[in-house]
Amino acid sequence: MALIPCSECGSDVSDKATACPKCGNPISTQAGTAAATTSSTPTPKPGMGTGMKAVLWVGGALVAFLLFGAIAGNQPGAKEKATDQMAIELCRKDEADELKSIATRKFIRSTCDAMERKFSDRYGHAP
Ligand SMILES: [Zn+2]
C-alpha cells in the first residue's frame, strides 16, 4: 500500500482509497483512470444481435426486390395479349362447331366466357 498526494489538498492518501478522506476528491490512480476510460467508451458488442439484424435487413430487401420483380413480370405484354385473344377466338370457333353435342358446346361456351372475363380483368376491355 502506497501513499499518493491528493491532487486537490496535497495530503497523503492511500492509493487503494477511491477518494481523499480529507477533501473527498476522487483519487485517480493509473488503474482507476484506465478503468474509467474503458467503462465510458461504448464498445460495440459483436454479439448475434447486430449480425442478425443485418441479415434480416438484407433478406427483407431481397424479398421486396423479388416481389417487385414478380409483379413487374406479371404485367401483360402485347405478345401475351395476342395469344390470349387467339385462344378465345379458337374457343369460340370450337363452340360454334355444330358437329359437337349441345352439352360439349355448352361446356366450351362457359370456358370461353371464363377466358373472356379473365381477359377483361387483365387488359381492361373485352377481346
Ligand atoms: Zn484531498
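Q: Where does serine 110 sit?
A: Serine 110 is in helix α4, which covers residues 102-123. Keep in mind that this is a predicted model.

Q: Is serine 110 buried or exposed?
A: Serine 110 is exposed.

Q: Why does serine 110 count that way?
A: Because serine 110 has 11 C-beta neighbours inside 10 Å. A residue with 12 or fewer counts as exposed.

Q: And how far is serine 110 from glutamate 95?
A: Their C-alpha atoms are separated by 9.5 Å. Along the chain, serine 110 and glutamate 95 are 15 residues apart.

Q: Let's zoom out. How many helices and strands does the protein chain have?
A: It has four helices and two strands.

Q: What pattern do they follow along the sequence?
A: The protein chain reads β-β-α-α-α-α.

Q: How much of the protein chain is buried?
A: Of its 127 residues, 3% count as buried.

Q: What about contacts between residues at least 24 apart?
A: Take the contacts between residues at least 6 apart in sequence: 20% of them join residues at least 24 apart.

Q: Switching to serine 14. Which strand is serine 14 in?
A: Strand β2, residues 12-14.

Q: How exposed is serine 14, and why?
A: Serine 14 is partly exposed, because 14 other C-beta atoms lie within 10 Å. Partly exposed falls between the cut-offs of 12 or fewer for exposed and 20 or more for buried.

Q: And how far is leucine 3 from serine 14?
A: C-alpha to C-alpha, leucine 3 and serine 14 are 4.5 Å apart. In sequence, they are 11 residues apart.

Technical notes. Residues numbered from 1 in each chain as written. Predicted model: local features only at pLDDT ≥ 70, side-chain atom pairs only at ≥ 80, totals over all residues. Contact = placed C-beta atoms within 7 Å.
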